[in-house]
Amino acid sequence: MGDWIIAFVCLIVIFMCLAPMLTLLSRSLSDPRSLLRNEVTLLPKGLNFNAYQTILSDSMYTRSLVWTAILTGICMALSMFMTTICAYPLIYDNLKGRRFFNAMILFTMYFGAGLIPNYLLYNDLGLLNNPLVLIVPNCLSVFNVIIMRSFLFGIPDSLRESAEIDGAGPIRVLVNIYIPLSTSVIATLTLFYAVGRWNGYGDALFYMFRNRDYYPIQYLLYNIISGMQNIDPGQTDIPMGASDTYKAASVMFATVPILMIYPWLQRYFIHGVTLGSEKG
């Protein structure tokens with residue numbers, strides 16, 4: 001009986017998580033007149049694919065999607081490199097200033113300069129309306145560094161010591177021992193960075209307001225939902241209610257690609273975070 005109760009509760013939670021997505025999918029596939037009459041719930045009514053045809057035929061969407069995919073790939077690679085080289089030295093007991101570095105890392109986690117100082121700094125560095133402003137400032141997460149450091153702490157020191165006895169240096173120890181044993185946490189943090197960059201639009205909103213060629217897909221979606229961007233620049237006679245269909249289709253268009261990554265990394269997700277929290 002207890003197993004049935006747990007399964008029932010899990011089904012309720014799953015439905016609560018899927019209901020908004022299913023509703024959005026139904027709205028994107030429904031006839032605009034059905035939306036005006038509030039007849040669409042979890043199932044589409046008056047099935048049509050006009051919204052998706054409009055989106056896929058518009059170069060604005062496809063260009064933004066391709067740029068966001070490239071941006072996400074660059075940020076994932078750079079962020080994982082920075083996270084690894086930042087967390088790895090902190091596991092050495094003989095590292096001079098280790099406590100100081102740990103304190104400084106934690107300090108930046110709780111205290112930040114704020115939006116206006118960052119804006120002035122990026123302006124002085126020439127990063128405003130520059131694609132680099134979407135890559136460089138957020139290439140490292142202190143929270144992820146702590147997870148990586150805690151995971152590396154969990155690897156027995158005897159493996160490192162045996163490699164050092166054989167003449168291996170710190171870089172070789174990292175490449176040949178720690179990285180092969182850290183696939184779970186690497187996959188988990190890669191997923192964190194990928195989802196964070198794909199869903200991020202705040203930096204583009206504040207620092208990329210003039211360069212439309214490098215709008216991420218989420219910022220383009222934000223402009224569409226808020227009415228700052230035309231849904232279809234070549235169509236001026238959009239019928240009443242169709243705009244809601246296009247907005248729902250735009251959200252699905254921006255969400256589905258990142259959802260496809262989860263099945264590939266799901267088996268590493270919980271395992272990586274759990275092992276990374278055993279020591280701190």
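Modeller: Rings of Phe, Tyr and Trp (for Trp, the six-membered ring) are paired if their centres lie within 6.5 Å, and planes under 30 degrees apart count as stacked, over 60 as edge-to-face and the rest as tilted. Through such ring pairs Tyr119, Tyr122, Phe206 and Tyr207 are linked into a cluster, and the count by this rule comes to twelve aromatic pairs. In one of them, the rings of tyrosine 219 and tyrosine 222 are stacked, because their centres are 6.2 Å apart and their planes at 15°.

This is a predicted model, in which local features need pLDDT of at least 70 and side-chain atom pairs count only at pLDDT 80 or more, while totals for chains, interfaces and linings use all residues. Residues are numbered from 1 along each chain as its sequence is written, and side-chain values use heavy atoms, leaving out hydrogens and water.

Both tyrosine 219 and tyrosine 222 lie in helix 12, three residues apart, which is about one turn of the helix; helices here are DSSP runs of H or I with at least four residues, numbered from the N terminus. Tyrosine 219 counts as buried at 4% relative accessibility, whereas tyrosine 222 is partly exposed at 31%, where buried means under 20% relative accessible area, exposed over 50% and partly exposed in between, with a 1.4 Å probe and protein chains only.

Helix 12 (residues 217-226) packs with helix 4 at an angle of about 145°, their axes 8 Å apart, the axes being lines fitted to C-alpha atoms over the stretch in contact and the angles running from 0 to 180 degrees between N-to-C directions. Met60, Tyr61, Ser64, Leu65 and Thr68 of helix 4 meet Ile217, Leu220 and Ile224 of helix 12, contact meaning heavy atoms within 4.5 Å.

Methods
Helix = DSSP H or I, 4+ residues; strand = E, 2+ residues; numbered from the N terminus.
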